Amino acid sequence: MTVNDTKQGAAGADETRSGSGFQPLPMQRRIDFGVLGAIVGAVALLIFILQNTDQTEVTWLFFDGQAPLWVVIVVTAVLSVALAQLVLLVWRRRRRRRAR
């Protein structure tokens with residue numbers, strides 16, 4: 001199926017094009033900072049893991065064991081962020097209730 005579009009050109013003459021009438025613009029290469037940040041973060045994490053493979057003793061409450069140092073640090077960081085988000089959530093809810 002062919003669709004003909006008519007467009008006035010610069011000289012006032014009709015220009016007829018076949019197809020949809022739209023020509024794809026050439027892709028411009030732009031830096032996507034989100035992707036760049038993710039790549040840099042992944043490389044930094046990989047270097048961190050490779051440099052911290054030594055086993056370390058872990059004691060927490062009733063748990064005693066050994067784990068690679070990088071696992072202990074990553075788990076601690078993830079739990080810290082989760083706890084901070086939980087505290088922030090409770091704080092925001094209390095502020096909203098007081099505002100009402």
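What share of the 100 residues of the protein chain counts as buried? The share is 6%, where buried means under 20% relative accessible area, exposed over 50% and partly exposed in between (1.4 Å probe, protein chains only).

The model is predicted, and local features need pLDDT of at least 70, side-chain atom pairs count only at pLDDT 80 or more, and totals for chains, interfaces and linings use all residues. Residues are numbered from 1 along each chain as its sequence is written, and side-chain values use heavy atoms, with hydrogens and water left out.

**View 1. Fold of the protein chain.** Two helices and four strands make up the protein chain. Their order along the sequence is β-β-α-β-β-α. Helices (H or I, at least four residues) and strands (E, at least two) are DSSP runs, numbered from the N terminus.

**View 2. Asparagine 52 in the loop between α1 and β3.** Asparagine 52 counts as buried because its relative accessibility is 16%. Its side chain reaches the backbone oxygen of phenylalanine 48 at 2.8 Å.

**View 3. Leucine 61 in the loop between β3 and β4.** Strand β4 spans residues 63–68. Leucine 61 has a phi near 50°, a positive value in a residue other than glycine. With a relative accessible area of 65%, leucine 61 is exposed.

**View 4. Proline 68 and aspartate 54.** Proline 68 belongs to strand β4 and is partly exposed, its relative accessible area being 22%. From C-alpha to C-alpha, proline 68 and aspartate 54 are 5.5 Å apart in space, and they are 14 residues apart in sequence.

**View 5. A nonpolar patch on the surface.** The patch consists of Leu83, Leu86, Val87, Leu89 and Val90, which together have about 440 Å² of accessible area. Patches are made of residues with over 30% relative accessible area and no salt bridge, with like charges joined within 9 Å and nonpolar side chains (Val, Leu, Ile, Met, Phe, Trp, Tyr) within 5 Å. Accessible areas come from the Shrake-Rupley method with a 1.4 Å probe. A salt bridge is a side-chain nitrogen of Lys or Arg within 4 Å of a carboxyl oxygen of Asp or Glu. Leucine 89 lies in helix α2 and, at 39% relative accessibility, is partly exposed.

**View 6. A positive surface patch.** Arg92, Arg93, Arg94, Arg95, Arg96, Arg97, Arg98 and Arg100 form this patch. Lys and Arg count as positive, and the place of an Arg charge is taken as CZ. Arginine 96 is part of helix α2, residues 69–99.

Key: Polar contact = N/O pair within 3.5 Å; in protein donor to acceptor, adjacent residues only side chain to side chain.
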